[in-house]
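Subject: Structure handover

Hello,

Here is the structure I promised to pass on. Please open it and keep it beside this email as you read.

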Amino acid sequence: MICVAQKRRAQVQREAVGVQALACSEGTLKRELQHAGPDQPSLGSFGAARTGAPRSVLARKRALVARAMLADCRFCAHDCRVNRLAGEKGLCHAGAEARFFSAQTEVSDELELIPTFAVALSGCDLRCDFCITGASSWNPRAGAGFDAQTMAARAKAALRDGARTIMVLGGEPTIHLPAALEFVSRLPETAKLIWKTNAHGSAPARELLDGMFDIWLADFKFSNDACAQRLAKVPDYVRVVQENLRWAAGHSELIVRHLLMPGHVECCWQPVAEWLAANLPGVKVNLRSGFWPAWQAARHGELRQRVLKSESDRATALAREFNLNLIP
Amino acid sequence: MKKRPAEKRCESSGESQVSELLILPDGQVLVHNLTPTFAGLLAGLNPDCEQIASRVTHYESHHHELPN
């Protein structure tokens, strides 16, 4: 666990070794986009097309920026500010090099996205006790070392073999932005890319991601900080997620996922549905009812069972009540 | 003094290719990380499951064999 002393040590160490963490301010990236030049080929619907620069070029440059930012890691809202390049570990425990625990074509995501070549990076900044892939998602050392070039070759082969999209997920991919961006830089400009995220990223992370992915597939798991703290050990969850969802809706296509959990229809799903209806009307929503008590869910009494049919029916009725745009 | 092997113990050897499956007493099947092959198998076991069938259909409509 990170502590104040560790943060202070990180700051001292950064100064001592003279690491120049590249500031990822709004101005920095705007300049970067301008330098990318207006004469590059158009990218169709990609956000990067607004700048005229190929996505791959921007991604390569941003991967370098992201790599330098590991010296003062602020990729997620925990804002640990540890020097991952020097071996320090923040709350996610991730080092400087990404690993992955799964890379395969899958058909279990939203119908409009499948078949998708899904690359799951190891490690996460949240600690959801009910995580279906908890063993690998909580452990950034799980799986194999991630090589962007090799993985891009596999992704391209999957596309040739009928995959419609490429999905980068975790764990949580935000904590591995350098690897994710390098991966993007090696993918075809026309590939439809999906960023599957817990929506707990920071503003600097969002800036690096702007225009890189066609679709944000983002979780909105809890609608109150008490449930978030108890079940995922994350403070200030609701504000951060809402901020990310608003941003994502304005910068890419957005699909919001909510995993319906037993005993959390009224406290979590209903307010989520209400907020989405009020703040992101028309946004695509996937209400997932296939919860099962995985990983360490048994730590919590209400999560030792499946979602009751009555709860599932109630959740669907709420979605209709709030006129949500549910997708399968 | 024996050195603790904590780092090595947590590191696995490689990626896994898996689908997680839960079959309930009522016959309902829940699955995560569903691969096309596994979806085909499940569709064969329970052709009446629309959720699985729709995924198989989606896959088959996009999949095409690479030329030899």
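Below is what turned up, starting with the place where the chains meet.

One point before the details: this is a predicted model.

**Where chain A meets chain B**

Start with the contacts. On one side, 31 residues of chain A take part, and they touch 32 residues of chain B. Together the two chains bury about 2,700 Å². Carbon and sulfur atoms account for 53% of that area. Look for A:Val107, A:Arg141 and A:Trp292. These three supply 24% of the area that chain A buries against chain B.

What about charge pairs and polar pairs? The count of salt bridges between chain A and chain B is zero. Polar contacts do occur: six residue pairs across the interface of chain A and chain B, both residues at pLDDT 80 or more.

Which elements of chain A give two or more residues to the side that touches chain B? They are strand 1 (99-106) and helix 5 (148-160). Strand 1 of chain A gives the most, with eight residues. By type, the residues on this side of chain A divide into 13 nonpolar, nine polar and nine charged.

**Chain B by itself**

Chain B has three helices and two strands. Follow the sequence and the pattern reads α-β-β-α-α. The chain has 68 residues, and 21% of them are buried. Now take the contacts in chain B between residues at least 6 apart in sequence. Of these, 0% join residues at least 24 apart. The accessible surface of chain B is about 5,300 Å². Carbon and sulfur atoms hold 55% of that surface.

Find A:Gln270 in helix 10 of chain A, which covers residues 265-279. Why does A:Gln270 count as partly exposed? Its relative accessible area is 21%. Buried means under 20%, and exposed means over 50%, so a value in between is called partly exposed.

Next, its neighbours. Leaving out residues up to four places away in sequence, A:Gln270 touches A:Val265, A:Arg314, A:Leu318 and A:Phe322. A:Gln270 and A:Ala153 are 117 residues apart along the chain, and their C-alpha atoms are separated by 43 Å.

Best wishes

Notes
Residues are numbered from 1 along each chain as its sequence is written. Chains are lettered from A and ligands numbered from 1 in the order in which they are written. This is a predicted model: local features need pLDDT of at least 70, side-chain atom pairs count only at pLDDT 80 or more; totals for chains, interfaces and linings use all residues. Side-chain values use heavy atoms; hydrogens and water are left out. Contact means heavy atoms within 4.5 Å. Buried area is the accessible area (1.4 Å probe) that two parts lose on being put together, summed over both. A salt bridge is a side-chain nitrogen of Lys or Arg within 4 Å of a carboxyl oxygen of Asp or Glu. A polar contact is a pair of N or O atoms within 3.5 Å; within protein, one must be able to donate a hydrogen and the other to accept it, and residues adjacent in sequence count only if both atoms are side-chain atoms. Helices (H or I, at least four residues) and strands (E, at least two) are DSSP runs, numbered from the N terminus. Ala, Val, Leu, Ile, Met, Phe, Trp, Tyr, Cys and Pro count as nonpolar, Asp, Glu, Lys and Arg as charged, and the others, Gly among them, as polar. Buried means under 20% relative accessible area, exposed over 50%, partly exposed in between (1.4 Å probe, protein chains only). Accessible areas come from the Shrake-Rupley method with a 1.4 Å probe; for residues, only the protein chains shown count as cover.
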